[in-house]
Structure formats: structure tokens, C-alpha cells
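These are my notebook entries on a structure that I looked up. I record each term with its cut-offs where I use it.

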Amino acid sequence: MYFAGVDIGSTMTKVMLIDKSDNLLSAIKGPTGPEHRQLANEVMRQALEQASLQIDDISYIVATGYGRLNVPFADRQITELSCHARGVSSLFPNARTAIDIGGQDTKCLKIDNGKLINFVMNDKCAAGTGRFLELTAAALGIELQDMGDISLKADKKIQISNLCTIFAQQEVVALLSHGEKLENILAGLHAALASRVAALARRLGIEPDLVLTGGVAKNTGMVKAMKESLDCELFVPEEPLLTGALGAAILAKETYMKAVAEGEALPTKSRRLEKATFFS
Amino acid sequence: MSWFIGIDIGSAYSKGVITKDFEPVASHVIISGANYRTSAEAIRTELIRQVNLSQDDITNTVATGAGADNVYFASQKASDIVCTARGINNAFPQARTVIDVASQSTKVIRLSGEGKVANFTVSEKCAGGSGRFIEVIANVLRINLSDFGPLSARSRTPITFSTGCAVFGESEAITRVSEGIPKEDIAAGVNKALASKISSLVKKIKLEEPCAICGGGALNIALVKTIEGELNTTLLVSPYPQIITALGAAITAATSATSE
């Protein structure tokens, strides 16, 4: 018996396949792109290939994320908040708070026994999301994935006075042209984002253990800045982008097992890996 | 009779006005670029060329705006709030409120008589509340800033942006373009979003009529109309809205020279 979680985020589509003992069979990440309606099947195909499985071998499929309604072969849609909570607590059973910093929004989740009990999120202003780092890195002409490591070399943090991402883009270029060191500017940018995310998390209340996920969790400089802002220990999964897909796969398994145990028939969708159409 | 220059170095555009005593006689607007010092010099050179004078004929020069420090030949710096108030008082002596929509900020100033500042509020934290939002979306739509207003005026069904953030607004505009939404509806949506932010700023310090509008944003005729609708008033619009603050700086130059 095999289960799949498909997480269609604003920038990345993630698929995870697990068996009934939660063993990971494959994990695939691909860019969502503007045609995310049509790409879920492609990423799914790759995941099946990696696990040497056929689509008919999958007992139950859960889709999550911003594009979850565009996965025609998924049996059930579950919000990314619930899937994140489930994914995080399967990796860190003691997790009580999770902060997910993505490219388009930042979510703080309160978790109890693997279940989501409360959350706050920012999807209104780019300054509190990964987009802030993405755009300032672009303005400074450096690769997003190098940002964190470079910032760790800083000997001081330059205060970034603009809140708005667009104004900050201008500010960092001006700072660079005034001779400030790149690493010090980057340390300032990370500190600025961390303090905004920390303020959001405090609104929810932080209880240990605290887990950081989302693409931004791969940024070493950001993990350091978050630790400093929150003044507490922070756990980061090996694959922080995949917790949503993992949670979706586990929830797929749990939904299926529960139905089997209770002898209920569980409706499933057609397993044909076709492109989604506008009407599906 | 004496000559005075006011120079306003903004984050996007640099503006200059030359006055004969208190009367504006010539103006010049250029893109600020990376070197504000060069921009300030270029404006002075062009202004005195337009009126056939030399540098020595200028009695006094006052600088204002974010880059005022770079106008090394100015005798003093003045606050942009004060300069906008004085400039608008020169253009519209009857104005009691002025909205200045600039690239990096939006200011609303309440005026007492003689162009004195009674109260003001500034929105400078968020590009979604300033003219920058228009610049960002004009770039997505690949249209000139000067076409933004006329294009937007043609829309009957403006889109509604889901956030006020200019960064997310940019992504949203790209999505709408790919969905085939007409450019004018997207442009009108930007004006609607910006007008609503500007109107709440005006309401914060209470509108006293008549109200004038200046800054580069006032060149966007559809934005002006949308703000008029939101505030239920008719706005006084100068034919040269971008140079009002520079004009105020020139008047400040003239005032301080006269009082000495």
C-alpha cells in the first residue's frame, strides 16, 4: 500500500510517496511555474518513476498548497496549514510551534498532538516573507542560495531603515555604493526579516519545541537571525520545503487506514495522469 | 528685482524652479539618476540658460527633498513639507489641504493662511501607498508612465487587488495579464487601490476644502479622478504638479533673502 502527498506552492511543486509504515519512497521538487494547473501530473510522474511504482499502485492521494484544487488525480484536498502541522510533528514529535517562511507568505502554527490548533499568517506584505530576501538578493546581484552563508561572515549588522521590500531594494544598493560590506548588509536584511517574523510568531505565542520550515529555512543566515530574534532553540528539518507534502502523504495514509478499519468505502478519483483542464 | 532658484531632489525625479522675486519664470525636471550632485548641477545650468542669466545673477538658492544635501551650491536646506505648502500657496492661495503623491511617499498637509503648515501626515513605509506602485505596475504592463492615466480612464471594470503590497501586486498583475484581463482594467485597479490608501491618509488629518493635489502622481488624471470620487471633492490640479515643492523652495529662497 502506497500513499502520495502533492503540495503545490506558489513557487515549487512537491510530491512525496510513502508506504504504510511511513517509509519514504520518493520526494520530488519542481518549479510550479505559471502553468501549475498542468504540471502536477509531470511531477507526480517523476516521483512514481523514482519509486518504480505505477499510479494505480497508490491507494490514496492528498493534495495541498495554494494550487491544491488543480490536481485532478488527488482524492482529497487538505489545507497546507493542516498538512504542515502533520508533517512537522511526524519529524519532530515534540514540536508545539512551527514557523513556515515561504516565498509568498509566512505562517506560524500552534500544534498539539500532530494537529493544528491555531495559526497566524502574513500574506499581505512581502516584507515579512521570503520574497523580501529574494528581491533584495536580486538587487544586490547575488544568488538567493548564497545569501545566508555570506551573511555569516558579517562583523556587524547594518540597520535597514526601510520596511517596504521595494524601498529596501533601493536602500541596499545605496548602502553597497557607499562602501558598506555586502555581508554586513545581508546580516541586516536577515535581522530585519527575522524581527518581523518573530513579531508575528509572538502574536500566536511561542511554545517549545519550535520548528522552522519553508524555503527560507534552508538559509543558514536566516536560521541564525531567527534564533537571535526569538532567543530560543530552533529545529530545522533536513528538507524544509517538503514538510507540507510529507504531511499530505501521512494524512492520505491516515484517511485511508481509518476508512479501512471502519469498513467504509472511500471514494477515489480517476488515476489517469492527465493535464488538468479548466473545468476539472 | 532678484532671481531665486529652488531645487527639489527626489528619489525618482529632480525638479528645479527659477523665480523672479516670487513669480516662477522657468522650471526643469530630470530623472534623479545615481548621482544627485550631477543632477542638481544640470538643473541649475538649464534653468539659468532658459532665462539667459549667469550663476552670479542668482541671489539665493534653496534645496529640498531626499537628496537636498547634494545641492552643494544652495545656501540652505528646507523641509519638503514646508516647501510643498509654500509652493501650493503660490499656485492656489485658497487651498487648505494638499496631497503630494511622490514616488517614495505620499504626504497630506493641512494649511493655514499664507501657506503655513497647520498639520501633516506622511506615508513613506510602503510602496503600495506611493506613486511607486504605479511605476511597478506600468513596468509589468509595459506602458509609459504618462500613458497610465489615460489608459486607466478607459476602464469600466477595474480589478481589485487582493493585497495593498506593491510586490504582491506586481505578481498579481502578471497573473491577470496572463489571464487576458485588459491592461486598462489592471491600471484602473492600481489607481483604485492607491486612491483608497491616499484617501484614508487624508481622512486621518481631516479634509479641509479646497484641496489641491501635486507631485508626479497628479499627472495621472485617472488617479486624480478616483481620489476625487473617494473624497467627494473637486481637487485643484496645477498644470505643473511635479514642480510645486521646488517652487516652494524658490519662494523660501526669496523670502529669506528679502527678510535679511
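I began with burial: a residue is buried if 20 or more other C-beta atoms, placed from the backbone, lie within 10 Å of its own. A nonpolar core is a set of buried Ala, Val, Leu, Ile, Met, Phe, Trp, Tyr and Cys residues joined through C-beta atoms within 7 Å.

The model is predicted: local features need pLDDT of at least 70, side-chain atom pairs count only at pLDDT 80 or more, and totals for chains, interfaces and linings use all residues. Residues are numbered from 1 along each chain as its sequence is written, and chains are lettered from A and ligands numbered from 1 in the order in which they are written.

**Entry 1: cores.** I looked up the largest nonpolar core, which has 124 residues. Among those touching the most other members are Val98(B), Ala249(B) and Ala250(B). Helix α6 (residues 182–204) of chain A gives the largest share, 10 residues. A second, separate core of 39 residues includes Ile8(A) and Val15(A).

**Entry 2: helix α8 of chain B.** Helices are DSSP runs (H or I, at least four residues), as are strands (E, at least two), numbered from the N terminus. The expected span is 1.5 Å times one less than the number of residues. For the 16 residues of α8 (244–259) of chain B this gives 22 Å, and the end C-alpha atoms are 22 Å apart, which agrees. Its buried residues include Ala249(B) and Ala250(B).

**Entry 3: sheet of chain A.** Which order do the five strands take? I found an open sheet, β3-β2-β1-β4-β5 (chain A), with mixed pairing; strands pair if DSSP finds at least two bridges between them. The edge strands are β3 (24–31) and β5 (76–77) of chain A.

Notes. Buried ≥ 20, exposed ≤ 12 C-beta atoms within 10 Å, placed from the backbone.
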